[in-house]
Amino acid sequence: MSNLEENESKEDSINGECYDKEFAVVNPTRMCQPMGGIQAMMGVKNAMPVIHGSQGCATYMRFQLIRHFREPIEVASTSLSEKTVIYGGEPNLLKALKNISEKQKPEIIGVMSSCLTETIGDDVSGIIRKFENANIGKELPAMVSIPTPSYAGSHVEGYDKAILSLVKCFARKMVPNNKINIILGNLSPSNIVEIKNIMKDLNVEPILLTDTSENLDGPLSEETLELHKFGTSLDELRDTANCIATISITKHNDSGAKYLEEQFNVKAISEPMPIGIKNTDIFINNVCNTMNIDIPKKIIRDRGRLCDVLVDAHAYNYRRKVAIYGDVDMVISIARFTYEMGMVPKVLCVGSESSRFKEDLNELIKDMGYKPIVLENKDLYDFEKVLDNNPVDLLIGNAYGASIADKFNIPLFRVGFPIFDRVGAQRIKFIGYNGGIEFVDGLTNMLLDFYYDCEGYKLENKELSFDPQSFNESLLESEAK
Ligand code: SF4
């Protein structure tokens, strides 16, 4: 039986196991749409996100964001109650818009809907217009409605909808600016800094949609609950219509790029997340081709350094089986990178289904020559069940996989969102050649720690390539003889 056939038949039996619990999601690999909308809004300068829903929605999102970024996070809520569920949430939203405009004085208010308000059918755009009409002559913030019905899609779609709503609301045709829009997706501040560094090296000015790099990794300050002072400005949002192109570095966040292309003839480019050699090459080539520039020596040198790191680490990573879970764009790009590292991406799990994920997957399968076990629209319960019969050496994903790693006594390399059981999530970097170097160093050292250095780790259940304890015991025995 060929590798491919073997994996296909395995996959069938795996799917058979998973169907046993298709009635519910047990431990999801995704979050709800408003979460993605908030993440996009946190990268807009002087902006305030509002959740039009129950108090619990905003509290849950603040809680997740604070324990991941370990920064103060402001998310307002319209705090709907039983009464507003019956009679509609309009009075609460009008009150929230008034209070925020008067007290916090933001430049932009982004109103995200929730399960509740989408179900009762509140017309958020209409309520915003009503508020503006009632306050003609007063200085009001710009207001944007971001429809994020949480019973569909995930935080990835929420981010996408927020970017689309921002460009729809603010982009204005003016003079060409010779810049490139870059839609980032839900990336860590350090990854965004890496994108900025690459653009600096290429001498190209970007408009980042949106830039959380300074807001979510800031210095200690007493002004803890102020509005975010950094990030993409209102002027930059207006100027997005005047760029040469929009590059979306996560394929599932390109609706804003398509809108700018249709409305303002700004070329839309959608590409995989620039992680590893091939995907970063695609990003660099797209920027250079768009701007008609040569690749600078500094970038070529960084690429060479990443290649060198791959060779240095190869002996430890080669044929190590890895299981990856999380957001679609991240999972497929990291799978390719681990393949470039000489590892075997054996199990991939994503919380949604997407034709673009399938396209990228097929391309990866063609390059690798074998098919990994792929769980689409599945949760971490399914993932764990699959790992029961398909052991791997390493997990890559967010903090929700920690108990699975513990069960199988394998290491978990933490990337993605949320990471609440370690510090420094905002400084995790894997984008670009330099991010790739940090990724390979961190991951390889984790494998060295776990599988090669025994001191300080429990040995009982671990399969080690080399076990110095038993080696020493056998040595003593032979000496005694
Ligand atoms: S899934 Fe719905 S109810 Fe739950 S936090 Fe998200 S918006 Fe609120």
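Is Thr-210 buried or exposed? The structure is a predicted model, in which local features need pLDDT of at least 70 and side-chain atom pairs count only at pLDDT 80 or more, whereas totals for chains, interfaces and linings use all residues. Residues are numbered from 1 along each chain as its sequence is written, and side-chain values use heavy atoms, with hydrogens and water left out.

Thr-210 turns out to be buried, with a relative accessible area of 1%. Here buried stands for under 20% relative accessible area, exposed for over 50%, and partly exposed for what lies in between, with a 1.4 Å probe and protein chains only. Thr-210 is part of the loop between strand S6 (206-209) and helix H10 (234-239). Helices (H or I, at least four residues) and strands (E, at least two) are DSSP runs, numbered from the N terminus. A polar atom of the Thr-210 side chain lies 2.6 Å from the backbone oxygen of Ala-40. The peptide bond that leads from Leu-209 to Thr-210 is cis, with omega near -10°.

A cis peptide bond also joins Phe-417 and Pro-418, where omega is about 0°. Pro-418 belongs to the loop between strand S13 (412-414) and helix H18 (432-452). These bonds deserve a mention because most peptide bonds are trans, and most residues other than glycine have a negative phi. Against that background, Asn-203 has a positive phi, near 60°. Asn-203 sits in the loop between helix H9 (189-202) and S6, and is exposed, with a relative accessible area of 72%. Arg-319 likewise has a positive phi, near 65°, and is placed in the loop between helix H13 (297-317) and strand S9 (321-326).

Attention now turns to the ligand. Which residues are around the ligand? They are Cys-32, Pro-34, Cys-57, Tyr-60, Met-61, Ser-114, Cys-115 and Ser-150, where a residue counts as near a molecule if one of its heavy atoms lies within 4 Å of it. Helix H3 (residues 55-69) gives the most to this shell, with three residues. Sorted by class, the shell holds six nonpolar residues, two polar ones and no charged ones. In this sorting, Ala, Val, Leu, Ile, Met, Phe, Trp, Tyr, Cys and Pro are nonpolar, Asp, Glu, Lys and Arg are charged, and the others, Gly among them, are polar.

With a salt bridge taken as a side-chain nitrogen of Lys or Arg within 4 Å of a carboxyl oxygen of Asp or Glu, the count comes to 24. One of them pairs Asp-235 with Arg-238, the closest N and O atoms being 3.1 Å apart. Both residues lie in helix H10, three residues apart, which is about one turn of the helix. Asp-235 is exposed at 55% relative accessibility, while Arg-238 is partly exposed at 32%.

Another salt bridge links Asp-254 and Arg-356, with 3.0 Å between the closest N and O atoms. Asp-254 is in the loop between strand S7 (245-248) and helix H11 (255-264) and Arg-356 is in helix H15 (residues 355-368), so this pair ties together parts that are 102 residues apart in sequence. Asp-254 is buried, at a relative accessible area of 6%, and Arg-356 is partly exposed, at 25% relative accessibility.

Glu-438 and Lys-429 form a further salt bridge, their closest N and O atoms being 3.4 Å apart. Glu-438 is partly exposed at 40% relative accessibility, whereas Lys-429 is buried, with a relative accessible area of 18%. Elsewhere, salt bridges that share partners join Asp-201, Lys-298, Asp-302 and Arg-305 into one network.

Leu-395, in strand S12 (residues 394-397), is buried, with a relative accessible area of 0%. The C-alpha atoms of Leu-395 and Ala-405 are separated by 6.7 Å, although these residues are ten apart along the chain. On the surface, Val-85, Ile-86 and Tyr-87 form a nonpolar patch with about 360 Å² of accessible area together. Tyr-87 is found in helix H4 (residues 82-87) and is exposed, at a relative accessible area of 69%.

Notes: Patch = residues over 30% accessible without salt bridge, like charges linked within 9 Å, V, L, I, M, F, W, Y side chains within 5 Å. Areas by Shrake-Rupley, 256 points an atom, 1.4 Å probe, with all protein chains shown as cover. Polar contact = N/O pair within 3.5 Å; in protein donor to acceptor, adjacent residues only side chain to side chain.
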